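Here is a short report on one protein model. It covers a helix, the nonpolar cores and the charged pairs.

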Amino acid sequence: NLLDGHFSQAQWNQLDGTTVLIDVRAKTELEKGKIDTATNIPIDELRDRLTELDKKVEYVVYCQSGQRSYTATKILLNRGFKAKNLSGAFLTWKTAKRSSSEE
């Protein structure tokens, strides 16, 4: 899907204060950390909560390692939303942020 252009990804260093993030991890996973500006909508609740989202907004979706956010991004795209998957998911973002703060 990525190679065919049916799917887009955002990189961790492209996130800024205007990026609208959706964290699709379970609430219990948030104890391990999260991106402060993200809204948590667990993947199991996403289809039931689509009315909370705006089709005019582009969303960047993430989970812990990437599989659930891939699925969530596909759900959003198939329902007419603008969405990208965060490449490398939360683990990459967390590692990159930790590395940049140590410099």
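Buried means under 20% relative accessible area, exposed over 50%, and partly exposed in between (1.4 Å probe, protein chains only). Helices (H or I, at least four residues) and strands (E, at least two) are DSSP runs, numbered from the N terminus. This is a predicted model, in which local features need pLDDT of at least 70, side-chain atom pairs count only at pLDDT 80 or more, and totals for chains, interfaces and linings use all residues. Residues are numbered from 1 along each chain as its sequence is written, and side-chain values use heavy atoms, with hydrogens and water left out.

**The helix.** In H1, the buried residues are Ser-69, Ala-72, Thr-73, Lys-74, Ile-75 and Leu-76. They pack against E2, E4 and strand E5 (82–86). Just after H1, Gly-80 has a positive phi of about 90°.

**The cores.** A nonpolar core is a set of buried Ala, Val, Leu, Ile, Met, Phe, Trp, Tyr and Cys residues joined through side-chain atoms within 4.5 Å. The largest one has 15 residues; Ile-22, Val-24, Leu-46, Leu-53 and Leu-76 touch the most other members. Strand E4 (58–62) and helix H1 (67–78) each supply at least two residues of this core. H1 gives the largest share, three residues. A second, separate core has nine residues, including Ala-10, Leu-21, Ile-35 and Trp-93.

**The charged pairs.** Side chains of opposite charge can pair when their charged atoms come close. A salt bridge is a side-chain nitrogen of Lys or Arg within 4 Å of a carboxyl oxygen of Asp or Glu. The structure holds five salt bridges. Three of them are listed here.

| Asp-23 | Arg-25 | 2.7 Å |

Asp-23 is buried, at 1% relative accessible area. Arg-25 is buried too, at 0%. Glu-29 counts as buried at 14%, whereas Arg-68 is partly exposed at 28%. Where do these two sit? Glu-29 lies in the loop between E2 and E3 and Arg-68 in helix H1, so the pair ties together parts that are 39 residues apart in sequence. Arg-49 counts as buried, at 19% relative accessibility. Salt bridges that share partners join Lys-27, Glu-45, Arg-49 and Glu-52 into one network.

Terms used. Contact means heavy atoms within 4.5 Å.
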